[in-house]
Each structure stands twice: as structure tokens, then as C-alpha cells.
Amino acid sequence: AWTCGQISTPPLLFGLEPAHVEHEECAAYGAPKCVYRLTWDTEAPDADAQSADAASSLRVQLEAMHERMRGMFATAADLIAADEIDDVLARITDRAAGEVRAQRYLLAVRIKPDGPLHCLQKGFDEQEADQYANQILGQHPAALPASWLVVPVRSNRRDYGRLLAMYDDGAEFFAQERELLEVYARYAASALDSATALMEANERYAQSSALLNLARALAAAGTSSEVARRLAEAVPMVVDCDRVGVYLWDPDRGKLVQHAISHGAQAPAIEEAEEWSRAPARGGVLERLLRDPGAEPMFVDAETGDRAARELFGQLGAVASVLVPLAISESLLGVLAVSVMSGPERIAPEPDLLDRLSGVAAQATTALLNGHLVDQITHQAQHDNLTGLANRLRFTEELKQAINRARQLNELVTLFYLDLDGFKPVNDELGHEVGDELLVAIAERLNSRMRKGDTVARLGGDEFAVLVDAQTDPSDVARLLDRINEAFAHPFVIHGKRIEIRASLGSAVFPQDADCAEALLRTADEAMFRCKRGRRARLDGRLNGETGRVAAGQAA
């Protein structure tokens, strides 16, 4: 009887009548154990049924409510703590477990709708937690066992997930316990609201800082190639991506030319061509952009977008790309290509991404306009206005760089110096206009006979120079000399007039003939004059035998 009295009291904690106890089996009468069955009413007794113990029961109930309030206030304090969100959620889960009596607890939420699943649990192992999390998130609560108490973790902003309390033995929960668990679920949602708001604010701050840094970087850039490089380096700070390519439109070549690429830290290393260019194909994306430069960004993945673009970025391993036109009014300046090697949803066409890309494109367009002006000024400062060849300033700089590399790599640098013979009579007899066109024609012939790594320059007047690529084998220098000679083997036709002209040619080699750029130029110039004097001596019939060696001077 004493035991029955003891175990009948728990309902009093909830303001209810004592439980009804039935002693079904008793060890004193030979049963293996004592079995007591308890039942009680979940509704409070009416006023007529109040007993003298009502005040005592009410006092116990108030104390229990006070204890719960302390727990809830402590949980509320957690929401304003400056801890990590996982720590806050773990404490909320622990306190919920202290109020709702069960064997196991699980909080399964996603901080971002497309983000990873966060599981906080008590009584589960890691594999079980994931399994149960997927079950409570994937099924309606009504379809779950009655011994599972599942409430939504939801706020006015969004639905984050579910909070679960469960028994393994089939026991069920009180209605009041559901209400308690819902309170803690709302606390969890409030904590997640604060965390996501802070994360979004941090992301916006990071993006704003990245855009500001991009603006500074682009403002400090000079040429359009430098703008492209800085743009490629800065875009990954604004957009989550694995590869950025900047392609500029070259109207002279009629091609889109790659000027810069950058890869994310986690992107796989991919070998790419150093120089990529593409002419517009009929009906292709480039032709459409040239026709409509102000087009919206174009998204390309395995199923959508221009076929040629899909093939190109597919070869690079990209699962999705977005092409952003860089244009002003009706003129295409270039294209910014942003790609991901995994997770195509990272650059899905969402308004936020489009806004960021529009901001990047606006800054890049202004910087490219300035870059084109710098390109023009730089080109004019380093190239001959008449022939378009490198001028003396540019040639001397390239010669210095070649000699510096040759010193480090123990290579040779070969220089040819040319001076036209009989050019003055052309100007005097046919006019300066014809003379200028003759110089242009000579420049084109010389340029066409040189290789990609060689540099042809007009040093002034009727003087030209050729800097041979340092990778050239010494045995190939004689063949290059022959190719220069061939440039003057046939007459030039200017305004219908056939003009035959020759050139005196001198050469010098670093480090045999000189040890610096100025001395090498001077040595080649002297060799050219020896050659010119020899030609004049032969023409005057006073050949003195000084024709110079092939490597030092020869008449072309």
C-alpha cells in the first residue's frame, strides 16, 4: 500500500489528481517481480472535486512552472550570446531534453535552404542521427510513430527543420510536452534567424568590400591587359567560382582573345593554352553578342546555352558557366566567363548573383575604356607612327630585357642593323609620299620574313633593326640573314612605279661583341657602316677589300 501511494503522486506535479494504481503482480505471492499499472486523467478536476490538498497541489505546480520559466529564460539568454550557432543549438537541445522527458533527442536543421544538414542529438550515434534526420524531414509528422514527438523549427523567415523527442518502448507524450517542445523549437528558429541574418550581413559586407577592392584594383590598372588580369584575380572574391576567364574583343584581328585567367584555390589544375582566340561563328554566342552587346548574362551548363560554349567549358571541366558581356552602348569590349567545376547551383541565375555580376561588369567596362586609351598612348609612345614597327625606345627596352635573360640563362642575343642605300634619291625624285609608302612596304616585307619571337623596329629615317629570339640556334642566324636579304631581292611597286633599293646590313652578338644593349647597338651600327663604305668603294671602283664578315656586315 505504501508503494502504491508513492507511485501515484507524479500527476500532482501537473495539477492533476493522483494516479490510480493496480498491483497486478506481487513478488510476495511468488511472482518474478512486482508489476504496477498506473492510469490517470489528463483533465484537471472540476471545482466540486477539489479537496483540501488542492492548495498544496497548486503550490507544487507553480514551483514546477517557475523551474520551467527559469530554463526558458536561460535559453533566451543563449540567443543573445556571442557563441557559435552550433553551440547555441546544442544548449537549446539540452534544455529541451531537461523539460520533455524522453530517451533520445534530435535537432535537424539547415541554416541555408541548400546548405548542409546540421544535427544536434542526445542518445543517437552519428549514423543513426543522419538516418532519423532524413526521416523526420522527409515525412509528415502524422506518418511517424506515436512515440515520436516531432515539432517544426520554423520562424516568419523560413522553415529550418525539425526537433524530435522519442521513446524506444512505444510510450506516448502529453499534450503539454508538445507545447514545451514547440517553445524550444521556436527558440532554435530564433537563434537560426539571428545566425542567418548575421551571415547574410557578413556576406554582403564581404561582397561590398570585394567590389570596393575590385574598384581600387581596376582604378590602379594601366593597359587593358592589366585590367583583365586584375579583374580575373578579383572576381572570385565577389562570386563563389572555380575559374574566371577574361576575353577581350580585338577589332583588328576580328577575334575574341583570352587576356587573363584565374582559378579558385579548390579548383583542379587544368592545362590551358597560353593564347586562346576565337572568331565569331555564324549563329554563335559571340556573333549574337557583337550584334547585341547589351545582352543579359548567358548561363551555360550541360543542357543549356550555346553548343560551342558548352563544348569549350566542358573541355575545361566546368559543369556550369555564366558569360557576362562587357560592353558600352553598341560596342562589345569583351566577355567575362565565370565557371564552377562542381556544384552548378553555386552560379544559378539568382537575382543576387546577377546584381553582383552587373556591378563587376559596370566597373570592368569603365576600366577597359581607360585601358584602351592607355593602350593607344602606350602604342604610340613605343611604335613608329608610319610603319607600325617598334620604335627605338621600345626596341632598346626589349634588347635590354633580352640581354638580362641571356645573362641568367647563358644564351646569345643577335642583333641586325639595316640602313637603306639610295633612299634619298627616291624622296628627291618621287616625293616624300612615295618615300613614306616605300618605308611601309619595306617594314611589311621585313616583318613577314621574321618569326614570332623576333622583333623588327624602325630606329629612325631609313634605319631598321631586327632582334633575333634568344632561343635561336647560332646555326640559324645565317638563314635569318638570307631571309633579310630576300626582302630586298625584288623591286617594290609604289603607285605603279618599280623601285629597286638595297640595304647595308651589320650585326652584333651578345656577349661576344658587346656586354650591354647600348654597346651592342653601337657595334652593329659600326658593322653596318663598314658594309656601306665597302659597297660605295665597289661602286666607285675603289674596292679596298673590307666587306666585313657575314656576322659583322653584309650588303643586302
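**Exercise 1. Locate Asp384, decide whether it is buried or exposed, and identify its side-chain partner.**

Solution. Step 1: Asp384 lies in the loop between H9 and H10; helices (H or I, at least four residues) and strands (E, at least two) are DSSP runs, numbered from the N terminus. This is a predicted model, in which local features need pLDDT of at least 70 and side-chain atom pairs count only at pLDDT 80 or more, while totals for chains, interfaces and linings use all residues. Residues are numbered from 1 along each chain as its sequence is written, and side-chain values use heavy atoms, with hydrogens and water left out.

Step 2: Asp384 has a relative accessible area of 15% and is therefore buried (buried means under 20% relative accessible area, exposed over 50%, partly exposed in between, with a 1.4 Å probe and protein chains only).

Step 3: The side chains of Asp384 and Arg458 make a polar contact at 3.2 Å. Such a contact is a pair of N or O atoms within 3.5 Å; within protein, one must be able to donate a hydrogen and the other to accept it, and residues adjacent in sequence count only if both atoms are side-chain atoms.

Step 4: Apart from neighbours within four places in sequence, Asp384 is in contact (heavy atoms within 4.5 Å) with Leu389, Ala390, Asn391 and Arg458.

**Exercise 2. Describe the largest pocket by its space, its lining and the elements that supply the lining.**

Solution. Step 1: On a 1 Å grid over the protein atoms alone, a pocket is an open set of points where a 1.4 Å probe fits, with protein on both sides within 12 Å along at least five of seven lines; lining residues have an atom within 4 Å of a point. Grid points are joined across faces, edges and corners, and a volume is the space filled by probe spheres set on the points. For the largest pocket, this space is about 1,200 Å³.

Step 2: The lining of the largest pocket has 34 residues, and those nearest its centre are Asp250, Asp252, Asp375, His379 and His383.

Step 3: Among the elements that each supply at least two lining residues are helix H6 (224-238), strand S7 (243-250) and helix H10 (392-409). H9 gives the most, with 7 residues.

Step 4: By class, the lining comprises 9 nonpolar, 16 polar and 9 charged residues. Ala, Val, Leu, Ile, Met, Phe, Trp, Tyr, Cys and Pro count as nonpolar, Asp, Glu, Lys and Arg as charged, and the others, Gly among them, as polar.

**Exercise 3. State where Ser339 and Thr9 are found, and classify the accessibility of each.**

Solution. Step 1: Ser339 is found in strand S12 and, because its relative accessibility is 0%, counts as buried. Its side chain is joined to that of Ser321 by a polar contact of 2.7 Å.

Step 2: Thr9 is found in the loop between helix H1 (2-7) and strand S1 (20-25). Its relative accessibility is 36%, so Thr9 counts as partly exposed. The side chain of Thr9 reaches the backbone oxygen of Gln6 at 2.9 Å.

**Exercise 4. Identify the backbone features at Pro511, Asn410 and His495.**

Solution. Step 1: Phe510 and Pro511 are joined by a cis peptide bond, with omega about 5°. Pro511 lies in the loop between strand S18 (502-510) and helix H14 (517-539).

Step 2: Asn410, a residue other than glycine, has a positive phi near 60°. Asn410 lies in the loop between H10 and strand S13 (413-421) and, at 73% relative accessibility, counts as exposed.

Step 3: His495, also other than glycine, has a positive phi near 50°. The loop that holds His495 lies between strand S16 (492-494) and strand S17 (497-499).
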